[in-house]
Structure formats: structure tokens, C-alpha cells
Amino acid sequence: MIENYKIGKGILAAWKFPLTNWRLLLLLYVINTLFALLILTPLQNGISDSVLNRLEPDQLSFTFLSDLLSDQQLLLNGQLAMLLIGGLLYLFWLVFATSGITHYIHHNSNTLSHFWSGACSHFWKFLRLTISMLAIIGVLLFLAFLFFNRGDTNVFSIESEEIFIWRTVIILPVFALSYIFVKLWNDTLKLTLVAASDQTWFFKSSWKTWKRIFNKRLITVFIINIIITIALIAILLLINSYNLHYLVAFCLSQAMLVLRLIYKVANLKSINAITQ
């Protein structure tokens, strides 16, 4: 009972932390919004121009969708190149921001100077961690693909439908459970790398973290944080399902972005409280 009380109190404190540190939350929200505009605006403009050109009365075609998909104008004017560059820059920003957030949380700071200093000093460590995380997820997806597309079935056969259903039932829970442990390892290792000296070997810390994550309190807190986030997103989606004014719908979409940022900070804060 006391243990459950401590876990609940720790989770409440972790979710309160990003709200009390609103300057950090505001900084993350503004820069994420700017990156979204940078990435999506060129693509949206290109698609809008292509759609408007094809919807002119004297050019209306019943092959609208196929013509739109084969339209080479997006490639010619460099908008897809800008989209890829913007996406790459956003990835670097995510690594940079995560480094700063983790440093900020580890030192229980309330000044943005800790965010910027931590982001600069731990960037390369976190970039290696991000590449490792993407590689592990890629391997999991590849193994799931191999299992789902084994050669003993025919996708065009009705008899194979039940087999595919059962494979999906098996793959989804296994992949979800694997992802939870990989994500827990990833978040715990972030705090380990910040706490360790610069001379600490990345792979040595990675292996030690794998052994640390099999902790009842750590797993419980991590799963509760996920459940809270999913529940809040579901509530926002339910509200958004009604025929609301566009301004309200926009505010709800921004609330989801803020919620994702709050979860990111709160989850790291709760893990830090347990692993300290």
C-alpha cells in the first residue's frame, strides 16, 4: 500500500514538473511549431497549386488522383527536397532538445541555461542513442515482416485469411511489448548518459541499462505514464469528433502537441526519480 502511494505521488510530481516549468514547455512548443510550418508549408503549397490547376473547369479530368500522384512538378521545384531537409533538421532538433531536457531534469533545474548547456554538451551521445534506437526498431519491424509474410501462405487465397489474422494477433502484442522495453531502455539510458562522465563508453552504459530496466517500479511507472497519455489523447479526440468550430478544433490539435511534450518531460522526470 505504501509502495503504491509512493508510486502515485511520484507520478503526480512528475506530471506537475513540466507545468511548473512552463518556460521550458513554451520554448519546446514554439520551436516544434516553427519546424512543423517549415516542413509542411512547402508541401502543402505544392499540392494546393497542383490540385487547383487540375480542378479548373477546362482541365477537369476523371484521372485526377492518378495524375496528381504522377505529377513531377513537386520534384522539379525542389519542394520534396526542402521537405527532406526540413525533416532532417527536425531530427537533429529532437536530439538536441532531448539532450537539453534530460540535463534539465537530471539537475532539477528551473532555468533555461541548463537546457541549452545540456543540449550542447550531450548532443553527440544522444545522436548515437537515437541511431541505435532507430536501428533496433528497424530490426523489430523486419522480424515482424518476416513472420507475417512467411512463404507458406498465399495473400490471394481466402483460406489464408485466418492465418494472417492469427499472425496479426500474435505480432501486435509481441511488438508492443518489445517496443515498451526498448523505449524504457532508451529513456533510462538518456539519464544514465547525462549522469555519467564524458569518458563513459556508450555501449558499456547501454548494457548496464538493459539490466537496470527490469525493475517493477520502473516498469509500472512507465506503463502508467503511457496509459495516462493515451487516455488524455482519447478524450481530446472524442471532443474533436463533434462538429466544432474550426478555432476550437485547432486549439485541440495544439493541445495534443502540448500533451506530447508534457508526457516526454514527465516520463523522464519519473524515471529519474526512481533511478537516482
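Helices here are DSSP runs of H or I with at least four residues, strands are runs of E with at least two, and both are numbered from the N terminus.

View 1. Going along the sequence, the protein chain reads α-α-α-α-α-α-α-α-α-α-α. That comes to 11 helices and zero strands. This is a predicted model, where local features need pLDDT of at least 70, side-chain atom pairs count only at pLDDT 80 or more, and totals for chains, interfaces and linings use all residues. Residues are numbered from 1 along each chain as its sequence is written, and side-chain values use heavy atoms, with hydrogens and water left out. Of the 276 residues in the protein chain, 34% count as buried (buried is under 20% relative accessible area, exposed is over 50%, partly exposed is in between, with a 1.4 Å probe and protein chains only). As for contacts (heavy atoms within 4.5 Å), take those in the protein chain with a separation of 6 or more: 72% of them join residues 24 or more positions apart.

**View 2. The largest nonpolar core.** A nonpolar core is a set of buried Ala, Val, Leu, Ile, Met, Phe, Trp, Tyr and Cys residues joined through side-chain atoms within 4.5 Å. The largest one here has 48 residues, and Trp15, Leu28, Trp93, Ile101 and Phe115 touch the most other members. Two or more residues each come from helices H1 (2-20), H2 (22-54), H5 (79-106), H6 (112-121), H7 (123-148), H8 (161-195), H10 (216-240) and H11 (246-275). H11 gives the most, with 10 residues. Zoom in on Ile101 and, setting aside neighbours within four places in sequence, you'll find it in contact with Leu28, Phe115, Lys264, Val265 and Leu268.

View 3. Rings of Phe, Tyr and Trp (its six-membered ring) pair if their centres lie within 6.5 Å; planes under 30 degrees apart count as stacked, over 60 as edge-to-face and the rest as tilted. The structure holds 11 such aromatic pairs. One of them is Phe17 with Tyr104, an edge-to-face pair at 6.2 Å centre to centre with 65° between the planes. This pair links distant parts of the chain, with Phe17 in helix H1 and Tyr104 in helix H5, 87 residues apart. Both Phe17 and Tyr104 are buried. Elsewhere in the view, one aromatic cluster takes in Phe35, Tyr90, Phe92, Trp93, Phe96, Phe115, Trp116, Phe123 and Trp124.

**View 4. Charges over rings.** The rule is that NZ of Lys or CZ of Arg is within 6 Å of the ring centre and within 35 degrees of the ring normal. Lys269 puts its charged end over the ring of Phe17, 4.5 Å from the centre. Likewise, the charged end of Arg23 sits over the ring of Trp22, 5.5 Å from the centre.

View 5. Side chains of opposite charge can pair when their charged atoms come close. A salt bridge is a side-chain nitrogen of Lys or Arg within 4 Å of a carboxyl oxygen of Asp or Glu, and the count comes to two. In one, Lys183 meets Asp187 with the closest N and O atoms 2.8 Å apart. These two are four residues apart in helix H8, so about one helical turn separates them. Lys183 counts as buried because its relative accessibility is 18%; Asp187 counts as buried because its value is 1%. In the other, Lys190 and Asp187 pair at 3.1 Å, N to O. Being three residues apart in helix H8, Lys190 and Asp187 are also about one helical turn apart. Lys190 and Asp187 are both buried. Shared partners join Lys183, Asp187 and Lys190 into one network.

View 6. Asn267 is found in helix H11 and is buried, with a relative accessible area of 1%. Leaving aside neighbours within four places in sequence, Asn267 is in contact with Asp187, Phe222 and Asn225. Met256 is found in helix H11 too, but counts as partly exposed because its relative accessibility is 21%. Beyond neighbours within four places in sequence, Met256 is in contact with Ile233, Leu236 and Leu237. Met256 and Leu237 are 19 residues apart in sequence and 9.0 Å apart in space, C-alpha to C-alpha.
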